[in-house]
Structures are given as C-alpha cells and as structure tokens.
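Let's take a friendly look at one protein model together.

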Amino acid sequence: GRNKRPPTGQHKHCEKCFSSRCRAPIEISVSCMVINCRLHCGAVFHMCKEEEHKLLCPQEKVPCLNAEYGCPFSMLRFKLAKHLEVCPASTVSCSMEWNRWPLIETKTVLNENVMKEPYSEENLDLSMALRDQRALFNSLKLAPLFPELMEQLEAPEVVDERLGLEAEGAVGGECPDMSSSALASDFTDPNVRVFSGEEVAEMTQAEREALAKDQNVANLGKYNAWESMFSKDKHSCKHAEKSAETRETTSSQKDGNKMANAEEHLNHDISGLAPWQDGVLERLRSEVASKDFNMYLVHHGRMLLQFGQISACTPREKDFVYGSLEPIPVQTLHSFKVPTSYRAIRNRIGDSIKEKKEETKGIDTSDLGVTNDDISKCDVVMATLVCSLEKELKGKFISETFSDDGISIHIGTQTYLFESTPFKTSASLADVTAESKPCLKFHLQAESVTTRHNKACSAFTFLCHHFFRRDEFPSHFKNVHADIQSSLSGWFEQRCPLSYLGCTYSQRKFRPARQKAKVTYSQELSTFTLKPEVSPLLYEGVKTNLARNPESLSSLPFEILQHIAGFLDSLALSQLAQVSHYMREVCSTLLQERGMVSLKWEKKTYSHGGSSWRARKKVWQFSCLFSTVDSWCFDDIPSMSEHLKVCPFYVTEQKSEPVPLARMCGTKEQSQESSTLVSIFLPQP
C-alpha cells in the first residue's frame, strides 16, 4: 500500500514511537531526541510532539469550557471538571411546573374576604396565587380572542391593489414614479402602505427595465440573485417560443419564417408568454388548456405578483378553472361520489336545478324586546380565561368559523358584551383590569402536575423559570419547591377549617430549625424569601443614631464592608447592590465568586428586511437563592382548636328539646313489633 505521510512537524520514526525509553539515534528528518514535559506532568515524548502534547497536558493552563458564554477564569486542565460545579456561566433554569384552576363559582366568599384584608407577605398561598394571576393576565392578549371588539383604525378611501401588499419594484425597491400624495399618506401597518388620492398607473415594460437598471433602489445587494432568476425564466420562455414556431412553420417557407421572427421580435411585448409582459394571462387563458394555465400560475405566481399581473387575493372569477377532474378512487367504508366535472369549488355542492335562496337571518337578543343597557355585561376576566382554554387546549375557539368537509362552512355567531369595549390593538387582560377592583379569579391551592402527565384541560400551567448557578439549584429546589410550595395546602401553612365559609385565618406551622427567620413571599422577585427575626433589644438606640448619621454603614472601610457582605446569601447581595453606588461596588467584588453571568442577546434588523440575533454584552447578577435550610421544626404556636373557639364562622346550635332517632319516627305499633335487637336487622316484609 501507499506510505502514509507523517503529520506536519513530526518525523517518520517519531510518528509511530510511543516508548519512553526510545534509544533511536537522532537523524535529520527521521527521529529526534526524547524529552520530559516542561510542566512536570510526567509524560515522556519526542521533541517534535511537544505541541501535540500541549493539547492533552493536565498541567497546561487553559480557559474555562464556558469562556464563550462569559466565564473569565483560566485554570489548569485537570481542574476543569471541578470548576464546572461552581462556574458562573454554568447556569440552570428551574423548570418546575404547577397547575392552578380558575374559579367556576360566581360567589366565592373566601377570595372576596381575602382581597378585602390588607396584603401581607406572610400569606404564602395568597401571594403565590396573585403572582400566577398577574403573570397570566400579562400574557393573555385580547386581539386574538376578540378580534371583533378591537379598535378599528380609519383607513383611506382608495387602496392600490395592483401593486400588491407592498409598492416595490423589480428588485425590491420602491417605485420612483410614485406621486407625492401617495408618499404623504397614512400608515395603518408598518408593513402595508395604503394610498389616498388617484390610483397609481400600471408600469410599462420600459419603465420596469429602467427600474431594474436604477442604482438608487433598496436591496441592491440582491440584484444579482433576482437578475439571475429572471434571466433563467426569460431564457426558458424564449426556448418555448422557438419550439412552438418550429412546429407551426414548415421548412419550405424560410423567407416567411425570417419575416415572422422579425415581426415577433418587434411585437415581443404584446405576444410573449413571460410573466413581465403585458396581457400574458389573457393570452394564456385563450390559447392553452386549463391544466397548463393552472400550472403556469403555480410556477410563476410570485413573479406575477411582483409585476402586478395578478392581485395578492385572487377574486373568485379569476380563480383556478377546473376542467375534467376525476377523483381518485379510495376504498373506504363510506363512499363519497364527487361529480366528474365541476367549476365552482367554493360553492356548496347540491341540487343545481332546485337551488335554495340564501337568506341571512340573525337570532339576537334584540328579539327579546330589551335594550343593550338592560342586558347584563359579561365578565371580561372569566370570558377571556374560557376563550383562552378553548384556543390553547381544545384546539378551537368558542365562536370560530370552521369547515367540516372542505365545502360547507360553519360561521360562529357568539358575541360578548363588555363594559370596556372597544379594546386597544395591543391590549392585554392586565391592561383592561388595571383600574378595576382587585380580585382573585383562581383557587388558592395549586397542583404540582407537570406536562409529562395527563392533566385536566381546564387548568392553567405556570413555570418557575428562575436562573441559578449549578451549585445553587439543589438548594433552591429542595427548600422552595419540595419543602414550602408542595406543603402549602394544610401542612406548611394551615387555614381555618371553616375557610369555605369565608374565614381568612391562617397560621404557619413550621420554621427553620437553625435560623431565626420566617418565610415570606416577594411579589417583586416572584419567589419565596427568608426574612431574619431581629430581637427588639438590638434596635435600642439605633433610631437616634440613624437620625444623626443616616450613612453610618457606608462610612465603614471598604474592606470591612466586603468582609460583611461575604456572609450574606445571593438574595441579600442582590438587594444590597441596589442600596447605593458604593454598596454596588462592594457587591461587585463578589460577583465572580457568588454571582452568575449570561449573554444578553439583541435582535438586529437590516434594511433589506432580514434579522439576526447577536450577543451584545455579558450580564452579571446574583440569583434569588436564600440561605439553605437543612431542617425544619414545629413553631411554638397555639393549636387550630384555640382559633375555633373564637372563630366568628363557627356557630353552634343549642338543642334543649329531645330529637327523635330515625327508628322512632314510625307508629307505636311498629315500634312494639321491632322491639328486639334481632328484629331490627331482619328484612322487612
């Protein structure tokens, strides 16, 4: 076989030699001396393999594997695996999910009473329910659900339809001969131009060629691609024209053919079949068969739209013309016989002789003889939640136009009557309910069922979606989700047994075993926090000192503040960094050790319409992780029975008169007959 050449920089003998005791003589282009690793890793190799050994040497200093994602550390290669556990760029997104049911009952006493009381961060289940409701209301847009209730923008009277959706030339630029009134028109959509005044005249072939040669147009970089596509289509059209001419003419009329070719060249713009030539569709419709005409529209539809030959929305009279179209026989249980030839596919197929007249008849609340003011308004929150569930989980709207068999169309007629209509185009459910009275439309209890299980379709799913360092994630999941969130319904936090009647009392049963702190919920951070309990004795004299010197903490040396900040958790560091610029500098010294880094991506849109995402900068931040709680213990609080003694909803009934038992409700004779214990259990005749 052919000899394999050694890699660049290595000798012929050194390529196959892996012995640390090699005694081969040193010869030019054959072998070299054996050396030890300069970093004292213990490896022995030929000198020509030193560069190759640097790629594997455990003592070589290399950047972190996440250097492209923002990690600034460089270390020895054998420390890379250990560093990944605490790498600031190795972040994890919490994917914990839970479901929450919307309220079906119209009167919910508990939710109404809870919202009347002053808000407290210690009510964990209420705070979490409000957080989920706020996140859902911000994500629900009203335009896809109620398009008929949106604000209608005023459009100009005349719209240019011949130029399609955009007034663009052959290479994507704007038409240079557009009138001044068209350029000064209003815009209803950034991507659609609506003209007012006189209609723009259709461009001729000479104007299109002048536009194609114009250098002052947009998207000039794509000119070569467009020109290459047009030239190929034009060449194919010319080849088809020549083939047709050779079939029609005879070989004996050579002079006549020359004159015909010259005349055809002069009248090329009138009789050609290219998409940019005038009247091409009229000539094709009269000269070729229907199937060839349809195939021409399919292949050249984009070019016909670009040159204004057809409109973007084809009218019914210009639709595809079906000739003799036979259905493909399919063996099914139910046979459906399609007519062998039909033309109007948009009309429902029926008896062509006895056509029924269409009559539009609406059944509305106006038939009841009441005005719109007397009709009760719909709740915008409940209607939006129901429509959103219908769209996302059941696959269709409550009021939707849909088709069963591709021929017949069902039109939905259900409408809603809201007080705040019409809605803005970009309005969300949170914008509509911003000025209304605060309310809670979800249950306080949540269900921890992930999307990997079959769950009910009438419940909304929420996601934690907080980011943590890889070494912080186990502590977050254990304390927040496993210990607190999964035990809110009756174990970690217990509500009064009569809460269904409207009692809002709740108590905390657990506290951290080693930390003197209590669990709260932060609406700004959307997570649970651990708030330390400070003894009142430590506050003695603090208020007077703060009044004299409000910046007493900032007056400490930088090194002492840095040492104090080292004892804080990530959540406390993120809050301390927002106190002042000086404290921000103190916390920034702990970013590489305690913080995490991520790339901030921004979308850039180019002049030709394309877009791309680029990482603009690196963002350092602290996570929302509080101090790890290893164990929990019962809190020293009174039992729930003590609350029931004074609960206003716990009403007792004092019975002074005797109450007959179930067996005593009969007559005296029946009671004497069944006086024994055995007769009680015997079946009655």
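This report looks at a pocket and then at a pair of helices.

## The model

Before we start, keep in mind that this is a predicted model.

## The second largest pocket

Let's begin with the second largest pocket, whose volume is about 690 Å³. Its lining is made of 26 residues, and those closest to its centre are Asp379, Val381, Lys437, Cys439 and Lys441.

H4 gives the most, with four residues.

## Two packed helices

Now move along to another part of the chain. Two packed helices are described by the angle between their axes and the distance between the axes. Helix H11 covers residues 280-287 and helix H12 covers residues 290-299; they pack at an angle of about 150°, and their axes lie 8 Å apart. Because an angle over 145 degrees counts as roughly antiparallel, H11 is roughly antiparallel to H12. The crossing of these two helices, H11 and H12, is right-handed.

Which residues make the contact? From H11 come Val280, Leu281, Leu284 and Arg285, while H12 brings Phe293, Tyr296 and Leu297. Six residues of this contact between H11 and H12 are nonpolar, one is charged and none is polar.

Methods:
Residues are numbered from 1 along each chain as its sequence is written. This is a predicted model: local features need pLDDT of at least 70, side-chain atom pairs count only at pLDDT 80 or more; totals for chains, interfaces and linings use all residues. Side-chain values use heavy atoms; hydrogens and water are left out. On a 1 Å grid over the protein atoms alone, a cavity is a set of points where a 1.4 Å probe fits but cannot get out, and a pocket is an open set with protein on both sides within 12 Å along at least five of seven lines; lining residues have an atom within 4 Å of a point. Grid points are joined across faces, edges and corners, and a volume is the space filled by probe spheres set on the points. Axes are lines fitted to C-alpha atoms, for helices over the stretch in contact, and angles run from 0 to 180 degrees between N-to-C directions. Angles under 35 degrees count as roughly parallel, over 145 as roughly antiparallel, 65 to 115 as roughly perpendicular and the rest as oblique. A crossing is left-handed if the near helix is turned anticlockwise from the far one by less than a right angle, and right-handed if clockwise. Contact means heavy atoms within 4.5 Å. Ala, Val, Leu, Ile, Met, Phe, Trp, Tyr, Cys and Pro count as nonpolar, Asp, Glu, Lys and Arg as charged, and the others, Gly among them, as polar.
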